[in-house]
Amino acid sequence: MLLLITVLLPILCGALLPAFRFKNRRLREGYVLFSVLLTSALVFLCCFTTRGNVTFSFLHFTQKITCSLHLDDLGRVFTCMIAFLWPLASLYAFEYMEHEGRQNSFFAWYTLAFGITLGISMAGDVVTLYLFYELLTLVTLPLVMHGMGKERVAAGLKYLYYSLFGAGLAFAGIMLVLAYGETSAFVPGGVLRGLDESRVPLMRLGYLLVFVGMGVKAAVFPFHGWLVSASAAPTPVTALLHAVAVVKAGVFGLIRLTWFSFGPDLLRDSFAQWIPFALAAFTILYGSVNAVRETHFKRRLVYSTISNLSYILLGTVMLTPRGLEGAMLHMVYHAFMKITLFGVCGTVQIRAGLTEVSQWHGLARRMPLCMALFVPSALAMTGIPPLDGFHSKWTLAMGALETGGPPAVVGCAVLALSAVLTAVYLLVPAFHAFFSVPAGPSPQDRLDPSLQMLLPLSVWTLTTLVLSFSYAAFMPFVSSIVRSVIR
Amino acid sequence: MPILLPCLVFLPMLWAPAAYLTGRKSKKARDIVVSAGALVHFALALTLLASVLSTKEAPSFTLDGFCGLGIRFRADGFRALYACVAGLMWSVTGLFNPEYFAHYRNRNRFGFFFLLTLGATCGVFLSDDLYTTFIFFEIMSLTSYPWVAHEETPGALRAAQTYLAVAVIGGMVTLMGLFLLHHALGTLQFEEMRQAARRLADPGSLLLPGVLVLVGFGGKAGMFPLHIWLPKAHPVAPAPASALLSGILTKTGIYGILVLTVYVFRTDTRWGLLILALGCVTMLLGAVLALFSVDLKRTLACSSMSQIGFILIGAACQSLLGEESSLAAQGTILHMLNHSLFKLGLFLCAGTVYMNLHQLNLNDIRGWGRKKPFLAVCFLLPALGISGIPLWSGFLSKSLLHEGLLEYIGLGAEGAGFSSVVEKVFIVTGGLTLTYMTKLFVALFVEKHPTRQKEFDRKTPYLSPVGRLLLLLPALLVTVPGVLPALTARPLSYAALPFMDAVPHDVDYFSLENLLGAFKSVLVALFCYPVVVRGLLMAPDMEKHGKKKAAPRVYVNRWFRRFDMEDTLYRPLIHGLLTGLGLLAQGLDRLLEGLMLPLGLLAGADLARGLDQLLERFLLPAGQSVLTALAKVLDGFTEKALKPAALHLGTFTGRVMDSSVDAMTLGLRRTLFRAKKPRPVPTVGNRLTFAVGSFLDRICAFLNRTVFKRRPIRTRFVSVLAALAEDAEENSRHFARTISFSLLVFALGFLALLFLVLR
């Protein structure tokens, strides 16, 4: 029951927000922060007071088609990550959105989206997952279109069409699971164990549909177009939704469906493994190369997101224990790094008015704290030890080697090459910010933002550092999830 | 004692922020904190070395779970010795820093990264598995970047960029190699790797991972063909940083190569020959580059490269000789140690020159050292050492390396012929070393500056007493072991042998054979210096003195610019690769747009055609039959009139439905996909249209003047073409927007299809 309340609370609070018609900034911020913090507190309560699997089923249509919420260890990881990030991102958004206006509607949708994302992470069966997945599209659409500028409306429509297309394909695959699976709930190792041999090709095709469908949200090539256009949205949206919540929801949905519905045994060594593998590997390179090519810093980060999401997908479809471990680690690590990078990027954009990479030369003289916060995440993204990005890449590479044969080498090579490209597109601007002399006259003003913006950025950076050095505490938990799935 | 290991690594790293914060308050206090950090480190390292030497045990320390696999440290003789060398070098440069950096900016930053790098370097030298080595190796690469970039001049930034590129690309290639190595052996711990490699059925499968790992370590060591950063980074880096870069950071690369050689490829001849060949080229190329250079620090940098080549040959011999590699192992250890000290002394001398003159070109600084006997001695002793003159420590290590090489030739095994060529190169390079050191010494301390000599000879204080002490220390440290090898060099090299998996083997350092080798090198130098340096590499200064015969001879740089591998090979290669990948990505984007558009149009067309067919198949026949029935009732005349009318009606309906798709598209275009307001006619357009347009305009103007005088052409092609380009761009944008719509249509169509199939 608590699960349902947790999911419904932010939805309710968000829906009620326009009713209050806040005129006072402080009041609105207090309201939003209160509701978000309360939800997060509830989430942590749910996650840490319970052990094992908790299921709450609240709707029964037929025996198979039910709606239920469910909390297991995998869900805990994702849920806690979301609950940790959301309040801080809201804090960041408060100051940022001063420059955008129409905060009442913005924060209404922003809070709503929190509930929906929690719904995805706690979905107990494929129907609920699909339901919240569709809702997420609709709820985040107004956020992308915020301000209704021409570019944003176009981006929003593109986002809508792509998502509906993806949802259509995913729906087809989910229908197949409903039709032939033992149950619609998520069971570690899959629900298709007793599948008739003759249906195997059909189900593999179904998985491919699901991969492409969910892959649209996870921005797999060639369905990444919407994410690039959607970078026109306000930075808090890009940072939280397009680096963490929405795209990770796609990735999380895929992990769920791969390991808990279709099951690795069905897919292993078939076209349903290798086509997604190839797509993910290709997207990693494609995203990195485009990030190097891109000179607009925010779009560069978006391409980097595209590339990094595919790291996670690659780990998922390796179908090896190490691969899944790496995928989960990277899912969490990447969230913290990327949200910091986007946060810094947005701060630079509104405080200094700089959008292009070439304008970063010597920026550290004007925004020393901001740039100092940028560096650890950039290093971690590149995979420089001992930061956390290195662990996840190492684990992913070991997972790739476990698959054996050419994919192992391809996986490793892609990871290494992409790491070099990451260094080019993230470290080079960072070094220019610190060591280069700015071209032309350089204003000597200090532009570091207020504490309200710096606090979330520092907390995220700190989390990245803590994750880097508390690997030993975190790892057994991840391994236990993997063990439960592999059995 | 094990607790000393993490202390040596992490203490300087924790000390670094303290130094930085102190520096914000007081500069003096910062200098003290930084030097104290290095000195404390040195003291701890000495304690460790003493305890290792006295107890003959190798303490180890494991930190489980750190960075995933956990990190392992272990201090046997070799590793404790190198931790000590690191402590010594950092202490000396740390004490030298305040004087050298007196007029620099950003000294806090330098101090911060100075200490961080000390910790990381120690982490590399104390590591007990390649995973740990790699972690600290990467940290060290990044924390030493600010050293190179310290001056923030364009030259420094470019050199730093090269340094970073070699470090990052090399690091990632090494990482890839480590993935494969870990997969092949199941472990990266040194001792376990050795056993796993022995058990392996096919040792050849390790070669690829080995070569990949070699890239990163070789790059750091300055091994050919990855030496490119070395000659660039040293001249622009501050002198204390150069001393450390060349004296000890290159040794971390050597450490990695030694680990591979000793623990993975102990008996693999192919590996040995590979390293031998690379070492030989590095050795010779470095010496030749040093000979041609006219910049004091660049010469020293290239010399480092050459000496690294000597060390690599020693490493190669260990793989080639297998169990009987004692001499080569001793030579390798001693030469590493000696080279660190030589370069410490020489770079500090170079730093003294730069500190006073702010110039490094040999023509500008020549004669500065005259009447400065102290500096001359401090320069001369390491210079003699590095040239391998008997009674200095370089002679011992080079002789041992040489004997190792001769031993392998004596075995007559695979590649012996090649090895004898290497042996000749070894002797010649030894001679070249003496040649370029003589060149430096003569330029600095013997020759006179054509114009500023009086100013140079004035007795002004050029170095503080502390600085003098620091310069004297390495000079003594290379001389004493050379005179008393049995008391100093031998016990140290014996203590370090277990790391190399070799047993002590007594050797007569001053045997006739060794002296003869040194003599041959001296002969080469006696020939090379007058002929090559005085003859080929010096020319009358034509620029300043016209064509007078009496013009003083100056050093000229005769090295070919074309031969710069960085500019002619690596940079174009990387640029080409990036551009190629970028073009590929761009092409794919275009292809995607191109593919999706027809797909979308196809889907739309299908819909329209489907409706049409629906009309034709069902409506028309139905209408026809109804009409026929009617017609049968009515008489023939009406039949003739009605039938064509009905047909026309049907066609008309079809057409209406057909064009409704167009109307829908039009409507969508008016509402959702509304085009932007027409802009004022552009006048410039993009580069291409402007170029073509202005060309056409000029032709028109020409024609107007000549042919069409009466009815001149008034078209402005620039604006016409610009408008066309704008149009095309607008259209492509519109297409791109349609794609997403077509995706939606496709999904709907797909669902319908699925419904039909599954029904």
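Predicted model: local features only at pLDDT ≥ 70, side-chain atom pairs only at ≥ 80, totals over all residues.
A residue counts as buried if 20 or more other C-beta atoms lie within 10 Å of its own, as exposed if 12 or fewer do, and as partly exposed in between, with C-beta atoms placed from the backbone. Residues are numbered from 1 along each chain as its sequence is written, while chains are lettered from A and ligands numbered from 1 in the order in which they are written.

**Around A:F431**
- A:F431 belongs to helix α16 of chain A; helices here are DSSP runs (H or I, at least four residues), numbered from the N terminus.
- A:L363 is 68 residues away from A:F431 along the chain, and their C-alpha atoms are 10.0 Å apart.

**Where chain A meets chain B**
- Chain A puts 37 residues into the contact and chain B puts in 38 residues (in contact means C-beta atoms, placed from the backbone, within 7 Å).
- On the chain A side, the elements giving two or more residues are α6 (150-180), α11 (271-293), α15 (388-403), α16 (405-435) and α18 (471-486).
- α6(A) supplies the largest share of that side, with ten residues.
- Sorted by class, that side of chain A has 30 nonpolar, five polar and two charged residues (Ala, Val, Leu, Ile, Met, Phe, Trp, Tyr, Cys and Pro are nonpolar, Asp, Glu, Lys and Arg charged, and the others, Gly among them, polar).

**A helix pair in chain B**
- Helix α10 (residues 239-264) and helix α12 (residues 296-321) of chain B have axes that come within 10 Å and cross at roughly 15° (axes are lines fitted to C-alpha atoms, for helices over the stretch in contact, and angles run from 0 to 180 degrees between N-to-C directions).
- α10(B) and α12(B) are therefore roughly parallel, a label for angles under 35 degrees.
- The contact of α10(B) with α12(B) has eight nonpolar, seven polar and one charged residues.

- Helix α7 of chain A (residues 200-217) has 18 residues and reaches 26 Å from its first C-alpha to its last, close to the 26 Å expected at 1.5 Å a residue (the expected span is 1.5 Å times one less than the number of residues).
- α7(A) is mostly covered, with 13 of its 18 residues buried.
- Just after α7(A) comes A:A219, with a positive phi of about 55°.
- Over in chain B, α2(B) is followed by B:K56, whose phi is positive too, near 60°.

Terms used
Contact = placed C-beta atoms within 7 Å. Parallel < 35°, antiparallel > 145°, perpendicular 65-115°, else oblique.
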